[in-house]
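Work through the exercises below with the sequence and the 3D view open. Each task is followed by a solution in steps.

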Amino acid sequence: MACLAMAGIVFSLVSGAVQVGIIEIVDVFTGQQDGSVRDIIWNIRFPRTLVAALVGVNLSLAGALLQGIMRNAMADPHIIGVSSGAGLFGIAVLVLFPAYGYLMTPAAFLGALGSAVLIYALAWQNGVRPGRIILAGVAVSAFFGSGISALLTFYSDRVDGALLFLVGGLSAKSWPHLQLVLPYTIAGTLFALLSAQRMNILMLGDADAKGLGLHVERTRLWVTAAAALLSASAVSVVGLLGFVGMIVPHAARLLVGSDYRILLPAAALLGIAVLTIFDTLARIIFPPVELPVGIIMGALGAPFFLYLLRKRGMHE
């Protein structure tokens, strides 16, 4: 997984309108390369690649945590409405209180946490069933999505790049965006890794988990908060980027199994690889036009979602 993540980062750095060799990249980082090549790598590609890597980590870990606490491989921050809640609160700050733009991530966190709790409450009826989670998530996502559309309609003159936000993209991401997302990635990742053993116990079922001394609802609350923090920080930087949180944890689970002590690091590394590789493809596949990476992820994620529906079925 680590090799795949490193390959994605290297692929992102060498690819683009201007081809740059690996030796030139090494020279940039060792201070032996100046001029336009250094500007391209250090000021454009490198920060964008790092932002893509951190967003990949955030969304992958958020998806893995949500899939665990909801016991549903189809759970994803975008599909079940967590990202929509974060997006609504984040956009509300930008368009209604533009002078307080630095509060976008905390506001997005509150929106993501609120939507996750709302979905869980709507899906709960003597336990949580996969079908109810998906239906509740779709309803909550539609509700928050309508709020986003309303804000973009009434305040269209205040929101730049609204389309990019709605589909999710990494265009023009640079060092300030990295500084914005990095603290939340560190905090959310540490909490996720520290929760791995509790997640393993929780996967045994509520009755067995309680028998082993785990406070089930408290664990769900804190893990939901961690997932909301991770997804909210990603949304505040790249917009409503979907399906990463569903595809990556599921793929990691197939590769390394369901032990969360191994699954979470594997999902984080695979998230780095997936988002850096697909963002690079979005940049180079139709030159000189640069596609938002969310378009490619949606094209892959929708069939994958249908595959999971067919494989697992919808249960009451």
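**Exercise 1.** Decide whether Ala226 is buried or exposed, and find which residues outside its sequence neighbourhood are in contact with Ala226.

Solution. The model is predicted.

Step 1. The relative accessibility of Ala226 is 5%. Buried means under 20%, so Ala226 counts as buried.

Step 2. Locate the residue in the fold: Ala226 belongs to helix H11, which covers residues 216-238.

Step 3. Set aside the neighbours within four places in sequence; Ala226 is then in contact with Leu65 and Phe191.

Step 4. For a distance, take Ala196: this residue and Ala226 are 30 residues apart in sequence, and their C-alpha atoms are 12 Å apart in space.

**Exercise 2.** Find which residue forms a salt bridge with Asp279, and state where both partners lie.

Solution. Side chains of opposite charge can pair when their charged atoms come close.

Step 1. The partner of Asp279 is Arg48, with 2.8 Å between the closest N and O atoms.

Step 2. Asp279 lies in helix H13 (residues 260-284) and Arg48 in helix H3 (residues 36-70). The two are 231 residues apart, so the pair links distant parts of the chain.

Step 3. Asp279 and Arg48 are both buried. For Arg48 the relative accessibility is 8%, which is why Arg48 counts as buried.

**Exercise 3.** Arg48 also forms a salt bridge with Glu290; determine where Glu290 lies and how accessible Glu290 is.

Solution.

Step 1. In the salt bridge between Arg48 and Glu290, the closest N and O atoms are 2.8 Å apart.

Step 2. Glu290 sits in the loop between H13 and helix H14 (293-312), whereas Arg48 is in helix H3. This pair, 242 residues apart, also links distant parts of the chain.

Step 3. The relative accessible area of Glu290 is 34%, so Glu290 is partly exposed.

**Exercise 4.** State how many salt bridges there are, describe the one between Arg261 and Asp259, and name the residues joined into one network.

Solution.

Step 1. The count comes to three salt bridges.

Step 2. Arg261 pairs with Asp259 in a salt bridge whose closest N and O atoms are 2.8 Å apart.

Step 3. Arg261 has 53% relative accessibility and therefore counts as exposed. Asp259, with a relative accessible area of 22%, is partly exposed.

Step 4. Through salt bridges that share partners, Arg48, Asp279 and Glu290 are joined into one network.

How values were computed. Residues numbered from 1 in each chain as written. Predicted model: local features only at pLDDT ≥ 70, side-chain atom pairs only at ≥ 80, totals over all residues. Heavy atoms only, no water. Helix = DSSP H or I, 4+ residues; strand = E, 2+ residues; numbered from the N terminus. Buried < 20%, exposed > 50% of the residue type's maximum accessible area, 1.4 Å probe, protein only. Contact = heavy atoms within 4.5 Å. Salt bridge = Lys/Arg side-chain N within 4 Å of Asp/Glu carboxyl O.
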